[in-house]
Amino acid sequence: MTPDAVLDRDATELRARLSLPARFSHRLSRHVPTAPALPRLHGPMVSITFDDVPDTACSTGAALLDAHGAKGTFYVSRTLLGTANEHWRVAGVEALAEIHRRGHEIGCHTHDHSLVPNLDAGDFAADIGRNRDAFAALVPGLTLENFAFPYGYASLAAKRVLSRTYGSGRSIVPGLNTGRIDRYFLRANPLFDRCLDAGLLARLMDEAVARNGWVIFFGHDVAEGASPYGCSPVLLEATLVAAGRRGIPVVSIAQGMARARGIAGERRRMDEEPRLTGEASVRRAEGGLRDP
């Protein structure tokens, strides 16, 4: 599946912005690793990530993660802060600083929200450096450690730069991360109401348990009547409940990378998480999307 298919964007519009060599480099980036693979995982994991960081991701999304004792990753671009489009308003510095204080991860999404294959290695390195420096100045104590490709488009040159500067690179190509995992092309599944139903959610979770896989989700806004690229609170909560019922830890990308490298953490026991275990929470999740 191509990024424009996942995002339901006009393929002609996106492809028109990419030269033929850029498109070819993106295709190669899906299959050619630029760093050693992650070690095989010893247990399943789930990560929930948000791109562009609409204000509802910082408010409603982070609050739901907090209620379940989970941490998320929020990929930010400096030039998007505080701006608005037809779908959402992007969070400001204060909201990002607050979720960072609560232990959520802030990741890099380029400084200018650029189509990465259009940048050569030097320009890409300069762009992500500007983003890292900007957020270090805006949010004291913040260091961006992990990266997500805007629009899901990667390149071999960018993956090589990331292998020297960031811990991982996340795509929007769906699937399960298992076996020999390319840390600079992590697969991620759309956390969109129009894409993720109870059946697919159950299959992803069950496959993660069976194969010791890492299921990564990506979304944008979290709201009733969410945009086509976001989810309702009911869907996000159902996803968290589905992981909790299987004893799968819900971790940030940084936490997941640490677990994969054997630095921290073991699989969460079934009776320990999520901390939000009340019947009211389960009924709320099942009311809109029956938890698998």
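Buried here means under 20% relative accessible area, exposed means over 50%, and partly exposed lies in between, with a 1.4 Å probe and protein chains only. The structure is a predicted model, in which local features need pLDDT of at least 70, side-chain atom pairs count only at pLDDT 80 or more, and totals for chains, interfaces and linings use all residues. Residues are numbered from 1 along each chain as its sequence is written, and side-chain values use heavy atoms, with hydrogens and water left out.

**Valine 161**

Valine 161 is buried, with a relative accessible area of 2%. Its place is in helix H7 (residues 156-165); helices are DSSP runs of H or I with at least four residues, strands are runs of E with at least two, and both are numbered from the N terminus. Leaving aside residues up to four places away in sequence, valine 161 touches Ala121, Phe124, Ala125 and Ile128, where contact means heavy atoms within 4.5 Å. Alanine 125 is 36 residues from valine 161 along the chain, yet their C-alpha atoms are separated by 6.4 Å.

**Salt bridges**

A salt bridge is a side-chain nitrogen of Lys or Arg within 4 Å of a carboxyl oxygen of Asp or Glu. By this rule the count comes to 9 salt bridges. Three of them are listed below.

| Arginine 170 | Aspartate 51 | 2.7 Å |

In the salt bridge between aspartate 51 and arginine 170, aspartate 51 lies in strand S1 (residues 45-51) and arginine 170 in strand S5 (residues 169-170), so the pair ties together parts that are 119 residues apart in sequence. Aspartate 51 is buried at 3% relative accessible area, and arginine 170 counts as buried at 0%.

Arginine 130 and aspartate 127 are 3 residues apart in helix H6 (residues 121-138), and are therefore separated by about one helical turn. Arginine 130 is partly exposed at 39% relative accessibility, whereas aspartate 127 is buried at 2%. Elsewhere, salt bridges that share partners join Asp66, Glu98, Arg101 and Arg102 into one network. Within this group, arginine 102 is partly exposed at 25% relative accessibility, as is glutamate 98 at 30%.

**Histidine 220**

Histidine 220 lies in the loop between strand S7 (214-219) and helix H9 (233-245). Histidine 220 is buried, with a relative accessible area of 6%, and its side chain reaches the backbone oxygen of tyrosine 229 at 2.8 Å.

How values were computed
Polar contact = N/O pair within 3.5 Å; in protein donor to acceptor, adjacent residues only side chain to side chain.
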